[in-house]
Amino acid sequence: MPQIRSIALIALGSNTPSGAGDPTETVEKAVAAIAQSVGVIRGVSRLYATPAFPVGSGPDFVNAALAVSTGLSAPRVIEILHGIEAQMGRLRHERWAPRTLDLDLIALGDRLLPDAQTHETWRSMPLAQQMTQTPDRLIVPHPRVQERAFVLVPLTDVAPDWVHPALNLSVAQMLAALPDDLKSEVVAL
Ligand SMILES: Nc1nc2c(c(=O)[nH]1)N=C(CO)CN2
């Protein structure tokens, strides 16, 4: 069977030193690891300094995004990303604790996983509830992508025209819809 290749959009974040070095070095090493194990890198964003979300939850992050052409499934990509996080020393005990490396599969082509209803449920959940719940299934696109300048600004570098399959909005349109004060906090390094 011919392999169907899609573009995986991957968000990277680091806000505390890891075995790999400072957050910038950690993100750069993660890009190299992803290139070796996920697929062919089609775009690498600039690196950005961003205040930790939620406000006051730790030191500033370094955030970046990648577009990677891959024939792998979403669960397999996630498995590989978790392996890279573990290898690079992420401490996984506390949900909003500073993290050495955080890798998120934001999107895989136009797949909507597991289904439209799950996306609707997560989008319509009050913020307080979103913050305390972890989905028990893989949700792709990432259910918070449209709210996060620290994801959308780097994504604009690599995939401004990617269209969210549930919202029918491009990356550029989702970013334009965010308040200016959120966008201005995301500063290219
Ligand atoms: N600025 C910023 N804040 C965060 C980030 C991140 O990548 N950047 N990742 C988090 C956990 O996914 C929690 N908070």
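1. Strand β1 and Ser-14. Ser-14 belongs to strand β1, which spans residues 6-14. Ser-14 has a relative accessibility of 0%, so this residue counts as buried. Its side chain is 2.5 Å from the backbone oxygen of Thr-100.

2. Confidence. This is a predicted model, and the points in this note should be read with that in mind. The mean pLDDT over the chain is 89, and 93% of the residues reach at least 70. Among the elements of the chain, helix α5 (residues 149-158) has the highest mean pLDDT, 98, while helix α4 (residues 127-132) has the lowest, 78. For the complex, the predictor reports an ipTM of 0.96 and a pTM of 0.92.

3. On the side of Asp-102, an N or O atom of the side chain is 2.7 Å from an oxygen atom of the ligand. On its own the ligand has 340 Å² of accessible area, and the protein covers 92% of this.

4. Aromatic pair. The count of aromatic pairs comes to 1. The pair is formed by Phe-53 and Phe-150, with 6.5 Å between the ring centres and 40 degrees between the planes, and is classed as tilted. Phe-53 sits in the loop between β3 (48-50) and β4 (61-70), whereas Phe-150 sits in helix α5, so the pair ties together parts that are 97 residues apart in sequence. Phe-53 has 34% relative accessibility and therefore counts as partly exposed.

5. Helix α5. This helix is mostly covered, with 7 of its 10 residues buried. The buried residues are Ala-149, Val-151, Leu-152, Val-153, Pro-154, Leu-155 and Val-158. The mean pLDDT of 98 noted above also belongs to α5.

6. Cis peptide bonds. Most peptide bonds are trans. Against that background, two bonds deserve a look in the model. The bond from Phe-53 to Pro-54 is cis, with omega near -5 degrees, and Pro-54 is placed in the loop between β3 and β4. Leu-113 and Pro-114 are likewise joined by a cis peptide bond, where omega is about -5 degrees. Pro-114 lies in the loop between β5 (102-108) and α3 (116-123).

7. Backbone at Asn-168. Most residues other than glycine have a negative phi. Asn-168 has a positive one, near 55 degrees. The residue is in the loop between α5 and α6 (171-176). With a relative accessible area of 58%, Asn-168 is exposed, because the cut-off for that class is over 50%.

Key:
Residues numbered from 1 in each chain as written. Predicted model: local features only at pLDDT ≥ 70, side-chain atom pairs only at ≥ 80, totals over all residues. Heavy atoms only, no water. Polar contact = N/O pair within 3.5 Å; in protein donor to acceptor, adjacent residues only side chain to side chain. Areas by Shrake-Rupley, 256 points an atom, 1.4 Å probe, with all protein chains shown as cover. pLDDT = per-residue confidence, 0-100. Helix = DSSP H or I, 4+ residues; strand = E, 2+ residues; numbered from the N terminus. Phe/Tyr/Trp six-rings, centres within 6.5 Å; stacked < 30°, edge-to-face > 60°. Buried < 20%, exposed > 50% of the residue type's maximum accessible area, 1.4 Å probe, protein only.
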